[in-house]
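Me: I would like to learn how to read helix packing and sheet order in a model. Could you walk me through it?

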Protein chains: 2
Amino acid sequence: MKKLLFIYLFLISVFVLYVYNYQTNNQANNQWTNNELRGTLDESYVMVTFQSGIDYWKRALKGFEDAAEALSVSVEYRGATQYDIQEEITVLEQVIAKNPAGIAVSTMDPEALNPVINKAVEAGIPIVMFDANAPKSKAYAFLGTDNYYAGETAAHQMAKFLNEEGEVGIITHPNQLNHKERTEGFRNTIANEYPKMKVVAIKDGRGDQMSSKEATDEMLSLYPNLQGVFATEANGGVGVGQSILEAQKKDSVHIISFDTDKGTLDMIQEGVISATLAQGTWEMGYWSLQFLFHIQHDLAESATNDQRLPRFVDTGVTVVTKENVTEYYPSE
Amino acid sequence: MKKLLFIYLFLISVFVLYVYNYQTNNQANNQWTNNELRGTLDESYVMVTFQSGIDYWKRALKGFEDAAEALSVSVEYRGATQYDIQEEITVLEQVIAKNPAGIAVSTMDPEALNPVINKAVEAGIPIVMFDANAPKSKAYAFLGTDNYYAGETAAHQMAKFLNEEGEVGIITHPNQLNHKERTEGFRNTIANEYPKMKVVAIKDGRGDQMSSKEATDEMLSLYPNLQGVFATEANGGVGVGQSILEAQKKDSVHIISFDTDKGTLDMIQEGVISATLAQGTWEMGYWSLQFLFHIQHDLAESATNDQRLPRFVDTGVTVVTKENVTEYYPSE
């Protein structure tokens, strides 16, 4: 019986040692991975936009959510429902009052949010801007489209459609900086790289369908040999499409538009619009959250450095044509 | 005695259950985090440069290593020892032959590496460019300094030193694109934003100390009221410093230089150079590895998209003055 007792004691000791060893190992492991890219679910990051209901933000939010899953943190989506800067200021202030782990903001005004953004950053809440910047604010970084480069991309695509030869026009929104940059990128690229192509007209489409249609009607009558139109904005692109359809020039004029809302995608499927440029909205959301996480967890460049994150990330554009258009319809 | 036996049995069962439970929990935990940002140590990422021994790459490699630690993967550093493109091609080919998980490349020639880079990307090895780009290659992204913006930053800093008033000059390397951009950014910012300042001379310093000193000597004799010089490159900055010292104008002329090699930092400590611009080399290395990891683990935007990562990341610049210069000396 005494022998049995020893055996039991021995077995118990082995188990105790095993469990002890297991736990110690695990602690060591945890210590080693303190610096790993993993947050906690009570750590909440917020995306703030304006006109929060529009489709445009969906892929940005998807990117934000995908990054949150990879980092094991939580996200929330908030926004001004209208195109109303006062509403956006109020929403941003409400978000800040909850002291979140970080905020990604797209602003409808490059100046108006600055006092609120700066107050938050000074209070230790990381903020990055995405899609539309507040360049003079204290936000750590901006993630969006380099619009000049987008214009260049449109020019190269137009050259491909036209075999590098022919007259083209631009329908744009001349008073907005992003549209000016798209126009410049397109125009300079055609002028510098395609000697047999020419930008014969640049017209104001005012960002709406009807004005853009009328501007295109006029352009078509002045330049009967026109072979291509670059619309720097989505409503304009649909207007250009209507004009071309009405003039029965669908097969002789190539349209390149911007963004991927339903009207544009439908016209690509119908062969009216030849291509559109999709912005890297998923990337904007994904890398915004990564950046915020890195500031929150002090994994970015040392705090003594005033440039702790990359200053600007050009998320790029993708050319959408009939061949890949189906991938751009929302999946629901 | 039988009672004692039961007690032992009970205790043993409790331990067995505890250990079993512990292990199960741990497995569940691992499963749940499949999608987390964690690689394996046999997953090796390589950084490839030229003139691989110079200090300039140290902080980029530190960023690369810091990201590797956070992601639990391995890194290697390889490079051409000389400023020799054939050697860099050979090194890159050797690296590719080992089929690494990804490669971050800085090229000394914007074209020459393209065939090798493209072959690797087509074979499924992710490549990103950092510091110096190969814009027409199939590399997924470029992470480096926006040189135009760096020139703007230098202009604002110069305006601060001069209370927005006075004559300034530029010593540059007029045939290299990055130096042209720095010069343009500086000149345009002074012209557009500081009406009481004027860029009176732009001279070729040929990227070396002696030529830059001579160019500055000449500039000082032509423009005796000169109050500032922007050197777009580090050797030039030291040459400008020597000229200013010789002319005993240390207290009346502000020099802004580029990069943070020892000669420049020493002259900042001595009060000869007023400021230099440090590039975000740590950020280049850190986010290069993050990007490569995201392609390797298929965590980036869907493969149907030809823009799976941000196209360009501007890692920004930091102004280094006497106040923070000690942080920029290598720590060994």
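**Reading the packing**

Reply: Let's start with chain A: over residues 47-293 the chain is 47% helix and 21% strand, and the end C-alpha atoms lie 13 Å apart. Helices (H or I, at least four residues) and strands (E, at least two) are DSSP runs, numbered from the N terminus. UniProt, in an unreviewed entry, places the feature "domain: Periplasmic binding protein" at residues 47-293 of chain A; such annotations may be inferred rather than shown by experiment. This is a predicted model, where local features need pLDDT of at least 70 and side-chain atom pairs count only at pLDDT 80 or more, while totals for chains, interfaces and linings use all residues. Residues are numbered from 1 along each chain as its sequence is written, chains are lettered from A and ligands numbered from 1 in the order in which they are written, and side-chain values use heavy atoms, leaving out hydrogens and water.

Me: At what angle do helix H3 and helix H4 of chain A pack?

Reply: Two packed helices are described by the angle between their axes and the distance between the axes. Here H3 (residues 85-97) and H4 (residues 114-122) of chain A pack at about 10 degrees, with axes 10 Å apart. Axes are lines fitted to C-alpha atoms, for helices over the stretch in contact, and angles run from 0 to 180 degrees between N-to-C directions. H3(A) and H4(A) are therefore roughly parallel (angles under 35 degrees). Ile89(A), Leu92(A), Glu93(A) and Ile96(A) of H3(A) make the contact with Val116(A), Ile117(A), Lys119(A) and Ala120(A) of H4(A); contact means heavy atoms within 4.5 Å.

Me: Now the sheet in chain B: in what order do the six strands come?

Reply: Strands of a sheet pair through backbone hydrogen bonds, either parallel or antiparallel. In chain B the order is S7-S6-S8-S9-S10-S12, an open sheet with mixed pairing. Its edge strands, S7 (197-204) and S12 (317-320) of chain B, each pair on one side only. From one strand to the next, the twist averages 20 degrees.

Me: In which sense do strand S6 and strand S8 of chain B pair?

Reply: S6 (residues 166-172) and S8 (residues 226-231) of chain B pair in the parallel sense over five bridges; two strands pair if DSSP finds at least two bridges between them. Ile170(B) stands opposite Phe230(B) in S8(B).

Me: Which strands does helix H7 of chain B lie across?

Reply: H7 (residues 209-222) of chain B lies across S6, S7 and S8 of chain B, at about 155 degrees to S6(B).

Technical notes. Parallel < 35°, antiparallel > 145°, perpendicular 65-115°, else oblique.
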